[in-house]
Amino acid sequence: MSSPTPPAASALPADPPGGRRAALVWGVGVCVYLVAVVFRTSLGVAGLDAAERFHVNASALSAFSILQLLVYAGMQIPVGLLVDRLGTRKVLTLGIVLFTVGQLGFALSPSYGTALAARALLGCGDAMTFISVLRLGSRWFPARRGPLIVQVAGLFGVVGNLLSTIVLARTLDGLGWTATFAGSSVAGLVVLVLVVVFLEDHPKGFEPEPVRHAGAAYVRHQIARAWREPGTRLGMWVHFTTQFPAMVFLLLWGMPFLVEAQGLSRGRAGELLTVVVLSNMVVGLVYGQLIARHHAARAPLALGTIGVTALMWAATVAYPADRAPMWLLVSLCAVLGACGPASMIGFDFARPANPPERQGTASGIVNIGGFTASMTTLLAVGVLLDATGGSYRVAFSSVFVLQALGVAQILRLRSRTVRLERERLVASRVEAVHVPV
């Protein structure tokens, strides 16, 4: 009989080896995600330009991001099923084509309606990237690297956000709308070539078991089994509650809030948005290392991030003077930087709760959470701004409603998820010990 070895200390027999080849292939995948995030967040620095170009009010402006996120959220489960069924390479290729055409269409749109259609197409392609990258990481790296791989993937998204905030903001001022958005769409063609040439679904010798497809029955089975896992639902609510404040701020309303309500120049507002992105990069690396070493830190980190975010958001919107001091705005942006890394924790709850053939579907369910919350809040802020004559203090208070809902669900599901994980870990250790010689 072999001596017992804790699963966390050594790779399981079916674990892929990782290595340089894995880093290259996975690097191509995260480059696709980076470009998708650049396209997704490009409206965040162009919101005021879009309002002027298409002659729309706050509610109509928010419709750009709401429609984009609505398509994104609605596509998550179908994309998860597609990734489980077709593999990463095919889904990423389709996603690149869609989001590149969407970005180019947004550049050339002559009217508000065609611009909306372009953002919807962009959201559809964007929806195919992150779940594909998560699946790619799980196929090429050992399971023990999972938390770090997820955070590093999120970090590439932050780099994309940073490029959008710095580069696109400057090119908009210098080159104008059409040249900026049309020129950025070239990045989509670059990553398309990289995917076609370099990307593979899995290492040789680690082919997954073929998935039996049974039409609608298969789809219902995959979704139902993933949803029944408390870890999947907990992951969705963690993603729901942590991600959306920063997403709302970066995707659309941060720049108008800082310029119109706080009286900052667009250049200084762009610098504050950069603080969010830089903070995200630092916190992502810290969270990834902490969770990889201390699995029990997941829920405390998520809840702690939610609490500090709520505190700084309340301090900013409730500040007694008309304008918050710069130190408070910087502090708010630094704290918002932790929202993205905290949302990645949701995938660390769903992954151990689901077998490999259901990872894409479970990840899709988790990813719906934050984007649903973001979409709801984007709409609420736009409607409240129009209803109150531009009161950001009232409009931004809608954030607290969704945070309260999410925290209640996290606390409800947390103990059951942890108990099931513990039982599965014990069972896996027993199975590892009782292996015939």
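Close-up 1. The model is predicted, so local features need pLDDT of at least 70 and side-chain atom pairs count only at pLDDT 80 or more, while totals for chains, interfaces and linings use all residues. Numbering runs from 1 along each chain as its sequence is written, and side-chain values use heavy atoms, with hydrogens and water left out. Helix H9 (residues 186-198) supplies the largest share of the patch, four residues. Helices here are DSSP runs (H or I, at least four residues; strands are E, at least two), numbered from the N terminus.

**Close-up 2. Phe 198 in helix H9.** Phe 198 sits in helix H9.

**Close-up 3. The Arg 21 and Glu 200 salt bridge.** Six salt bridges turn up in the structure, each one a side-chain nitrogen of Lys or Arg within 4 Å of a carboxyl oxygen of Asp or Glu. Arg 21 pairs with Glu 200, with 2.2 Å between the closest N and O atoms. Arg 21 belongs to helix H1 (residues 20-41) and Glu 200 to the loop between H9 and helix H10 (215-228), so this pair ties together parts 179 residues apart in sequence. Arg 21 is partly exposed at 37% relative accessibility, and Glu 200 is partly exposed too, at 25%.

**Close-up 4. The Asp 126 and Arg 40 salt bridge.** Here the closest N and O atoms of Asp 126 and Arg 40 are 2.6 Å apart. Asp 126 lies in helix H5 (residues 112-126) and Arg 40 in helix H1, so the bridge ties together parts 86 residues apart in sequence. Asp 126 is buried, at 1% relative accessibility, and Arg 40 is buried at 4%.

**Close-up 5. The Asp 348 and Arg 351 salt bridge.** Asp 348 bridges to Arg 351, with 2.6 Å between the closest N and O atoms. Asp 348 is buried at 0% relative accessible area, whereas Arg 351 is partly exposed at 21%.

Note on methods
Buried means under 20% relative accessible area, exposed over 50%, partly exposed in between (1.4 Å probe, protein chains only).
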